[in-house]
Amino acid sequence: MPADDDDLGDLPGLFWAVARRMRHASSAALEKWDITPGQARAVRVLAKHGDMRLNHLSEHLRIAPRSTTEVVDALEERGLVERRPDPTDRRATLVALTDRGAGVGRDIRDAASAETDRSFAALDPEDRRTLARILRTLRD
């Protein structure tokens, strides 16, 4: 049996080891902004999709509404987001990035891109495309 076939038995272990390493690197990179990975995800969602209600943010983050409220509260305390009245329904509230939050979001995106480049530097472009295709298949 070739050596590569032996590694297939520990495929989940290899996957989780890489995921842990990337999560650790991501958390370390976010320390500069005193922001958690969950908070960074919320900033990324708002940067990509714009202002939204808490329930929609919960759906994007795939977390409970109560947890989303905690994330937004922490971001609001740091001046990265603000709550605004929804112009289409005055009973509802939107969460929006502040100018500072948008800047931090850009900085985090740039840092994440650099970390991704470092993490995947050992792979040639074709291997990166193949890995992305495989991960999309597993995700979906």
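Analyst: At 18% relative accessibility, Asp-89 counts as buried. Keep in mind that the model is predicted.

User: Why is Asp-89 called buried?

Analyst: Buried means under 20% relative accessible area. Asp-89 has 18%, so the label applies.

User: What makes the contact between Asp-89 and Arg-91 a salt bridge?

Analyst: The rule asks for a side-chain nitrogen of Lys or Arg within 4 Å of a carboxyl oxygen of Asp or Glu. In this pair the closest N and O atoms are 3.1 Å apart. The pair therefore meets the rule.

User: Is Arg-91 buried or exposed, and how do you know?

Analyst: Exposed means over 50%. Arg-91 has a relative accessible area of 75%, so Arg-91 is exposed.

User: How many salt bridges does this rule give?

Analyst: The count comes to 14. One of them links Glu-126 and Arg-129, with the closest N and O atoms 3.0 Å apart. Both residues lie in helix H7 (residues 125–139), three residues apart, about one turn of the helix.

User: What makes Arg-118 and Glu-115 a salt bridge?

Analyst: Their closest N and O atoms are 2.8 Å apart, and the cut-off is within 4 Å. The pair therefore qualifies. Both lie in helix H6 (residues 99–119), three residues apart.

User: Why do Arg-118 and Glu-115 get their accessibility labels?

Analyst: Arg-118 has a relative accessible area of 55%, so Arg-118 is exposed. Glu-115 has 18%, so Glu-115 counts as buried. The cut-offs are over 50% for exposed and under 20% for buried.

User: How do you know that S2 and strand S3 pair?

Analyst: Pairing needs at least two bridges between the strands. S2 and strand S3 (residues 89–97) have six, in the antiparallel sense, so they pair. Asp-86 has Asp-89 in S3 as its bridge partner.

User: What is the order of the strands in the sheet?

Analyst: The sheet is open, with three strands in the order S1-S3-S2. Strand S1 (52–53) and strand S2 (81–86) are the edge strands, each pairing on one side only.

User: Why is Ser-58 called buried?

Analyst: Its relative accessible area is 5%. The limit is under 20%, so Ser-58 is buried. Ser-58 lies in helix H4 (residues 54–61). Beyond four places away in sequence, Ser-58 touches Ile-63, Ala-64, Pro-65 and Thr-68.

Definitions and conventions: Residues numbered from 1 in each chain as written. Predicted model: local features only at pLDDT ≥ 70, side-chain atom pairs only at ≥ 80, totals over all residues. Heavy atoms only, no water. Helix = DSSP H or I, 4+ residues; strand = E, 2+ residues; numbered from the N terminus. Buried < 20%, exposed > 50% of the residue type's maximum accessible area, 1.4 Å probe, protein only. Contact = heavy atoms within 4.5 Å.
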